[in-house]
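This report describes selected side-chain contacts and surface features of one structure. The sequence and the structure come first.

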Amino acid sequence: MSEHLPQQSAPFTGRMATVLIIVALLSLGAVLALMAWSPDLVSRDKAGSTPYSRSSTGYAGLVDMLEARGDDVSISRLSQSLEIGGRRLLIATLSINGRDIEPDEISGPALIILPKWTYRENPAKRSWEIDADLASAERAMIHLREFDEDGEIVRRKTPGALETPFGRFRPDFEDEMQLIETDLLEPVISARGGALLAKVPGREIYILSDPDLLNNFGLARLENAKTGLGLIDEVGGGGTRPIVFDATVHGFERSTNLLKILLDIPYLGATLIALATMFLIGWAAAIRFGAPERETRAILAGKRALADNSAGLIAMAKRERRMAPGYLSLSRRALSRELGLPRTLSEDEYIALLDRMAKQNGMETSFTELQSGLSSSASSRDDLTNKARALWRWRKEMTHEQ
């Protein structure tokens with residue numbers, strides 16, 4: 001008893017398979033794009049003394065205030081912004097637990113704002129701070145020592161009026177005012193007990209000891225904002241220079257992963273061309289080839305193979321041009337056999353007979369003309385081919401062969 005198995009059919013139609021492939025390719029492209037740009041899509045508004053932060057110790061308020069005033073302001077995520085000096089004013093806002101900035105890695109003009117506060121981040125919303133506490137002077141001093149190994153951080157009561165190169169102000173510092181006690185740095189704004197703003201000798205690098213003049217918490221006080229803007233104009237050449245806030249010191253350095261490089265300008269064009277090439281190669285491989293070809297013998301048999309091999313040997317020996325008399329003799333024997341010409345004819349009688357028969361058949365070319373072209377070696381391979389082909393056609397026409 002035989003059993004008939006059900007015929008198996010394809011689970012998907014051609015159209016359905018095409019749709020699935022397109023959806024898969026689009027999904028793959030979306031995943032690769034998210035992998036490349038995911039670091040840039042994450043919110044940078046986190047608690048801390050960064051130029052993105054809107055918490056009390058952050059500096060987003062200063063960025064907004066300078067932009068509202070009409071200044072050219074930007075936030076840089078490139079480490080090169082620290083090294084390239086010249087026309088811009090670089091502002092680096094340090095944090096208590098952040099990394100230091102060494103004088104050799106920065107070019108002026110630059111304003112370094114020392115940290116003063118520690119904070120506790122709100123776990124429910126990372127851009128908020130639950131509370132901020134005054135950090136120890138020793139921890140702020142770690143950052144100062146990069147510019148003055150003997151410098152000290154001291155805290156004093158708010159002095160009331162403060163004399164500056166750009167006017168008299170009455171800033172209000174939270175808790176105590178933080179000052180620099182130094183013998184190396186050049187004081188620019190001094191208060192009782194130290195320098196509020198000091199300059200590195202021989203360089204356009206300024207160090208602000210107390211961040212309450214410029215952070216979000218301090219800018220809530222009008223007199224602090226006026227003092228802070230005057231201070232930036234003083235170190236920035238009167239507000240004529242573009243202002244660049246450095247974000248790399250807080251870990252926001254722009255990532256340069258390979259995937260992002262391949263999908264971004266200027267390499268995006270090359271990537272698209274490579275993908276298109278891969279697609280076309282795959283497409284060609286899928287539709288060009290039919291059933292696989294059978295393996296053939298290395299040396300073919302038959303008359304055609306024998307003729308091809310003989311022609312190849314003649315070509316290798318470079319004796320093609322000398323084949324003209326031989327082909328003429330072969331054609332004459334074939335004509336005699338096909339037309340039934342008597343073998344007793346002399347050479348002149350034979351040629352005259354063929355010329356007369358061609359004329360009777362209305363042929364324009366005589367055998368004499370064709371024979372004269374093949375009686376000696378041809379000038380080239382093409383010349384031999386043309387003359388041999390003309391004689392072959394003449395013979396076919398004479399014998400009425402198709």
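## Salt bridges

The model is predicted, and it holds 15 salt bridges. In one of them, the side chains of E174 and R221 meet with an N to O distance of 2.6 Å. This pair links distant parts of the chain, 47 residues apart: E174 is in the loop between β8 (167-169) and β9, and R221 is in the loop between α5 (216-219) and α6 (222-235). E174 has a relative accessible area of 27% and is therefore partly exposed. R221, at 23%, is partly exposed as well.

## Contacts of helix α13

R381 forms a salt bridge with E320, and their closest N and O atoms are 3.3 Å apart. R381 lies in helix α13 (residues 381-398) and E320 in the loop between α9 (303-317) and α10 (324-339), so the bridge ties together parts that are 61 residues apart in sequence. R381 counts as exposed because its relative accessibility is 55%, and the cut-off for exposed is over 50%.

Another salt bridge joins the side chains of E338 and R395, at 2.8 Å from N to O. Here E338 in helix α10 is linked to R395 in helix α13, 57 residues apart. E338 is partly exposed, with a relative accessible area of 33%, whereas R395 is buried, with 11%. Elsewhere, salt bridges that share partners join R69, D71 and D233 into one network.

## Aromatic pairs

The count of aromatic pairs comes to 4. The ring centres of Y52 and F252 are 5.1 Å apart and the planes stand at 75 degrees, so this pair is edge-to-face. Y52 is in the loop between α1 (14-41) and α2 (60-69), and F252 is in the loop between β13 (243-246) and α7 (258-262); the pair links distant parts of the chain, 200 residues apart. Both Y52 and F252 are buried.

The rings of F166 and F169 have centres 5.6 Å apart and planes at 50 degrees, so the pair is tilted. F166 is partly exposed at 22% relative accessibility, while F169 is buried at 13%. Ring pairs also link Y350, F367 and W394 into a cluster.

## A buried strand residue

L89 is found in strand β2 (residues 89-93) and is buried, with a relative accessible area of 1%. From C-alpha to C-alpha, L89 and F166 are 18 Å apart in space, and they are 77 residues apart in sequence.

## A negative surface patch

E149, D150, E181 and D183 form a negative surface patch. Within this group, E181 is found in strand β9 (residues 177-181) and counts as partly exposed, at 38% relative accessibility.

Technical notes. Residues numbered from 1 in each chain as written. Predicted model: local features only at pLDDT ≥ 70, side-chain atom pairs only at ≥ 80, totals over all residues. Heavy atoms only, no water. Patch = residues over 30% accessible without salt bridge, like charges linked within 9 Å, V, L, I, M, F, W, Y side chains within 5 Å. Areas by Shrake-Rupley, 256 points an atom, 1.4 Å probe, with all protein chains shown as cover. Salt bridge = Lys/Arg side-chain N within 4 Å of Asp/Glu carboxyl O. Lys, Arg positive; Asp, Glu negative; His and termini not counted. Charge placed at Lys NZ, Arg CZ, Asp CG, Glu CD. Helix = DSSP H or I, 4+ residues; strand = E, 2+ residues; numbered from the N terminus. Buried < 20%, exposed > 50% of the residue type's maximum accessible area, 1.4 Å probe, protein only. Phe/Tyr/Trp six-rings, centres within 6.5 Å; stacked < 30°, edge-to-face > 60°.
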